[in-house]
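Could you walk me through this model in my viewer, one selection at a time? I would like to know what to click on next and what I will find there.

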Amino acid sequence: MSRIERAEVFVASPGRTFVTLRITTSDGVVGLGDATLNGRELAVASYLRDHLVPLLVGKDPARIEDMWQYLYKGAYWRRGPVTMTAIAAVDTALWDIKGKVAGLPVYQLLGGRSRDGVLVYSHASGRDTAELLDDVERFLALGYRAVRAQAAVPEVGGTYGIRKGTLYEPAATALPDEQPWDTEAYLNFAPTYLEAVRERFGFGFHLLHDVHHRLTPLEAARFGKAVEPCRLFWMEDPTPAENQEAFRLIRQHTTTPIATGEVLNSIWDVQTLITEQLIDYVRTTVVHAGGVTHLRRIFDLAALYGVRTGSHGATDLSPVSMAAAVHLDVAVPNFGIQEYMGHAEETLEVFRGGPTLADGMLHPSEVPGLGVEYDEKAAERFPYQARYLPVARRLDGSVHDW
Ligand code: CS2
Ligand code: MG
């Protein structure tokens with residue numbers, strides 16, 4: 001019988017930091033898992049190296065479900081982003097191995113295709129409305145059928161979601177950047193640029209917006225109502241995601257669809273949101289929510305309640321995560337949309353292969369497993385660099401949700 005012979009953890013910063021797990025079996029089959037937790041990368045690297053790798057060696061790589069239960073229940077300490085990201089990396093690597101052993105792309109192991117391609121949205125942004133409009137135009141010209149729109153609030157200066165170079169990268173400084181936040185200014189301004197986008201480009205594409213956990217339930221209800229004429233595909237993370245009950249109030253006041261979950265890690269974190277149908281899209285991901293095995297479980301619960309998927313896909317999700325996401329997206333019946341920001345050139349020098357983009361849709365790779373390779377030699381050219389996500393402060397100096 002095949003055994004896990006080796007498990008190695010790589011930390012490198014090709015364009016940005018990624019933590020990657022590579023499992024090798026006694027038959028020489030190699031599987032990859034993403035273990036990147038933006039701004040807290042080394043905690044997951046240590047969890048894997050110091051606590052999970054010693055448990056993996058000698059185990060049967062074919063028993064994916066059993067491994068998940070063993071690592072989850074065996075930790076005693078439940079959930080949380082560090083634990084769930086580490087378990088995700090092992091789980092994803094084992095699915096990659098199973099695909100290679102079977103000679104099939106992972107989506108075939110998940111039941112095969114439910115659709116021909118995976119609808120994605122990308123990120124348009126600007127320092128003001130004019131710049132945002134030009135950016136939306138650029139994405140539509142590239143063939144995207146869904147675009148997220150964010151513009152910096154003029155009087156306040158900075159905000160989340162605004163691209164500086166070619167790719168949006170919020171974790172950009174050696175210590176956390178402190179950014180100002182003013183809720184009233186945002187509430188006054190954001191609906192105006194979303195309206196401007198619809199006015200200029202019409203309704204023939206999906207328009208999305210990320211609130212990034214900044215509002216109270218009542219403010220979010222007010223915002224949702226204000227943007228109803230824009231017919232958003234969704235408003236994302238209207239309030240801090242950990243209070244599931246908060247979404248009841250938002251839900252009662254607006255028909256703007258709601259998405260949340262990128263910072264949540266388990267089925268229990270989204271249980272109320274899904275079973276009470278408080279959201280329309282669940283944004284949990286392969287990498288932060290326990291791997292393909294656990295995300296599939298979340299998606300199946302969501303399907304029972306008419307909630308669709310809309311997984312996080314920012315640049316801090318490595319090409320391994322994106323590949324796994326697209327295999328799931330193409331297979332599950334209740335797929336909604338997939339975020340896709342793309343990756344820096346340096347990232348793609350290290351991670352080779354993966355899904356392909358055509359006409360605003362992603363298509364999974366057809367090679368056995370996930371279809372991504374890790375070039376260890378290339379990664380050595382990009383040593384680890386510590387980078388933190390920013391912190392938001394209100395105008396009175398107190399800390400706000402970033
Ligand atoms: C954002 C992310 O993509 C999104 O919806 O919320 O850019 C998020 O800020 C980063 O992934 C944080 O690591
Ligand atoms: Mg978001």
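**First stop: a loop residue**

Begin by selecting Thr-36, which sits in the loop between β3 and α1 (41–56). Keep in mind throughout the tour that this is a predicted model.

Is Thr-36 buried or exposed? Thr-36 has a relative accessible area of 0%, so it counts as buried. Now show the side chain of Asp-34 as well: the side chains of Thr-36 and Asp-34 are joined by a polar contact of 2.6 Å.

Next, bring up the surroundings of Thr-36. Leaving aside residues up to four places away in sequence, Thr-36 touches Arg-16, Thr-17, Phe-18, Val-19, Glu-41, Thr-85, Val-287, His-288 and Asp-316.

**Second stop: two domains**

Zoom out and colour the chain by domain: domain 1 covers 4–105 and domain 2 covers 109–368. Taken over C-alpha atoms, the centres of domain 1 and domain 2 are 26 Å apart.

How many residues of domain 1 are in contact with domain 2? On the domain 1 side there are 34, and they meet 35 residues of domain 2. Between them the two domains bury about 2,700 Å², with 64% of that area on carbon and sulfur atoms. Select Asp-34, Trp-95 and Pro-105 here: these residues supply 22% of the area that domain 1 buries against domain 2, more than any other three residues. Asp-34 is the partner of Thr-36 from the first stop.

Stay at this interface and look for charged pairs. There are 3 salt bridges across the interface of domain 1 and domain 2. For another pair to display, pick Arg-79 and Asp-269, which form a salt bridge whose closest N and O atoms are 2.5 Å apart.

Which elements give two or more residues to the side of domain 1 that touches domain 2? Select β2 (18–25), β3 (30–34), α2 (64–74) and α3 (81–102). Of these, α3 gives the most, with 12 residues. Coloured by class, this side of domain 1 shows 16 nonpolar, 11 polar and 7 charged residues.

Side chains of opposite charge can pair when their charged atoms come close. In this model the count comes to 26 salt bridges, and a few are worth a visit.

- Select Asp-135 and Arg-163, whose closest N and O atoms are 2.9 Å apart in a salt bridge. Asp-135 belongs to helix α5 (residues 129–141), while Arg-163 is in the loop between β5 (146–151) and β6 (178–181), 28 residues apart. Both Asp-135 and Arg-163 are buried.
- Move along to Glu-137 and Arg-200, a salt bridge with closest N and O atoms 3.1 Å apart. Glu-137 is in helix α5 and Arg-200 in helix α6 (residues 183–201), 63 residues apart. Glu-137 is partly exposed at 39% relative accessible area, and Arg-200 is also partly exposed, at 43%.
- Then pick Asp-210 and Arg-148, where the closest N and O atoms of the salt bridge are 3.0 Å apart. Asp-210 lies in strand β7 (residues 206–210) and Arg-148 in strand β5, so this pair ties together parts that are 62 residues apart in sequence. Asp-210 and Arg-148 are both buried.

**Last stop: a network**

To finish, select Glu-5, Arg-6, Glu-8, Arg-22 and Glu-376 together: these residues are linked in a network of salt bridges.

Key: Residues numbered from 1 in each chain as written. Chains lettered and ligands numbered in written order. Predicted model: local features only at pLDDT ≥ 70, side-chain atom pairs only at ≥ 80, totals over all residues. Heavy atoms only, no water. Domains from an automatic or database assignment. Contact = heavy atoms within 4.5 Å. Buried area = accessible area lost by both parts, 1.4 Å probe. Salt bridge = Lys/Arg side-chain N within 4 Å of Asp/Glu carboxyl O. Helix = DSSP H or I, 4+ residues; strand = E, 2+ residues; numbered from the N terminus. Nonpolar A, V, L, I, M, F, W, Y, C, P; charged D, E, K, R; others polar. Buried < 20%, exposed > 50% of the residue type's maximum accessible area, 1.4 Å probe, protein only. Polar contact = N/O pair within 3.5 Å; in protein donor to acceptor, adjacent residues only side chain to side chain.
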